[in-house]
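Dear colleague,

Please find below the structure that I am handing over to you, followed by a summary of what was found in it.

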Amino acid sequence: MAENLELKNSVAEALEKIMGISAVQKGLSFLKNDNDRTSADQKELTSIPAPTFDEGERGEYYRRRLEELGIEDVSKDDAGNIFGLRKGTGNGPRIAVCAHLDTVFPAGTDTVPKEKDGKIYAPGIADDGRGLAAVLTLIRAFNETGIETEADILFGATVGEEGLGDLNGVKALFGQDHGIDGFISIEPGSPERITYLAAGSKRYEIIYKGPGGHSFGDFGTPSAIHAAGKAIAGIADLKVPEDPKTTFNVGIVSGGTSVNTIAAEARLIIDLRSVSAEELARVEDEALSIIKEAAGADSGITVEIKQVGDRPAGSQDMESAIVQTAAEASRQLGFTASFEKASSTDSNVPIALGIPAVTLGGGGSFGGIHTLEEYFDPQDAYYGPQAIFLCILGLAGVKGISSPLLGFHRQNDSEGSL
């Protein structure tokens, strides 16, 4: 979704000044020349399976890579996140730059990359093999140039971004005392791509239970499937606004044992989403009421409601420093920023906490996301890391050249947590 954004003079001037630094030009050239090495990293990382909740092997490999690149104090937290520090002067904010370790593919999936017609095919090669490799090439660029930033930069990778991982990694990251003032998540996508709005979601597993019985001999006994059907019909009739976009979906339905058995159990998994925290809460309340009423309509039917997903919603102003800086960084390379529709990424959590955050494209073209035919085309993919490099420098500030465009936004105790 392209939108017109009038860039602030201060942001444009800061990025133009940064572009004039010989070390920055050296960094941009390095990133271009490092494109093949970045693709090699991407293939190596993708070949290590990392299903959600089982990212340990890939995480350990990533930890070693960060240490080899000179990142300080690299550690694995209790959730499985891997992060380390590149220190700035101490006079600026702290920025986290990361990708996610996990993939949607189950254990046993063949993730070894295969090349054909210049493209790399493998489940997870783009999402988020590209993001992980982009972080490494960015670190190499900083090492190559020796640029000293005012801000500290936390480089690393999170777990649990996909599906029922429920953003558990980034939730854990912001549940710790890292003092993060700004956050950049890297996903597959073009250097124009900027995601700055967070679509929140609530997911529930619903299990209806009843006595069961024979469809003829025990006719009249309440059926768990019938109760589930009433709930589905009620949810289908929910009224939601187009703006802020709010949606609902019953994605999985199962139950029963045979055509002539009154079902003793039926199961649903529902997904509710909205850009607005208030609308999400409203549709959640209405859906849960319908689900409970469907059980109460039949004596002998009980319902178990288990929340299996809670991704916070949030928004931030397009005029904010982080959005403006990301857009100007893209413009400096000859691109026009493309502002994505609200989606669910690791940036959801900081945005919901009031901490500036964007999800940026790691470069290259791709297709087949979340399928066994997923592919990545590395041609000119370096533009993604180049834009992110400039964005980081603008936000972080360069010693003796520019002040940080990012202010201090650290979460304090009064703001609560997710």
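**Findings**

The side chains of Gln 324 and Glu 319 are joined by a polar contact of 3.3 Å. Please note that the model is a predicted one. Gln 324 belongs to helix H9, which covers residues 321-332. With a relative accessible area of 0%, Gln 324 counts as buried, because the cut-off for that class is under 20%. Between Gln 324 and Phe 142 there are 22 Å in space, C-alpha to C-alpha, and the two residues are 182 apart in sequence.

I turn next to helix H5. This helix consists of 17 residues, 129-145. From its first C-alpha to its last, H5 reaches 25 Å, which is close to the 24 Å expected at 1.5 Å a residue. H5 is mostly covered, with 15 of its 17 residues buried. Just after H5 comes Gly 146, which takes a positive phi of about 70°.

H5 also packs with helix H4 (residues 56-68): the angle is about 10° and the axes are 11 Å apart. The two helices are therefore roughly parallel to each other, since angles under 35 degrees fall in that class. On the H4 side, the contact is made by Arg 58, Tyr 62, Arg 65 and Leu 66. H5 contributes Leu 132, Val 135, Leu 136, Ile 139 and Arg 140. By class, six residues in the contact of H4 with H5 are nonpolar and three are charged, while no polar residue takes part.

Note on methods. Residues are numbered from 1 along each chain as its sequence is written. This is a predicted model: local features need pLDDT of at least 70, side-chain atom pairs count only at pLDDT 80 or more; totals for chains, interfaces and linings use all residues. Side-chain values use heavy atoms; hydrogens and water are left out. Helices (H or I, at least four residues) and strands (E, at least two) are DSSP runs, numbered from the N terminus. Buried means under 20% relative accessible area, exposed over 50%, partly exposed in between (1.4 Å probe, protein chains only). A polar contact is a pair of N or O atoms within 3.5 Å; within protein, one must be able to donate a hydrogen and the other to accept it, and residues adjacent in sequence count only if both atoms are side-chain atoms. The expected span of a helix is 1.5 Å times one less than its number of residues. Axes are lines fitted to C-alpha atoms, for helices over the stretch in contact, and angles run from 0 to 180 degrees between N-to-C directions. Angles under 35 degrees count as roughly parallel, over 145 as roughly antiparallel, 65 to 115 as roughly perpendicular and the rest as oblique. Contact means heavy atoms within 4.5 Å. Ala, Val, Leu, Ile, Met, Phe, Trp, Tyr, Cys and Pro count as nonpolar, Asp, Glu, Lys and Arg as charged, and the others, Gly among them, as polar.
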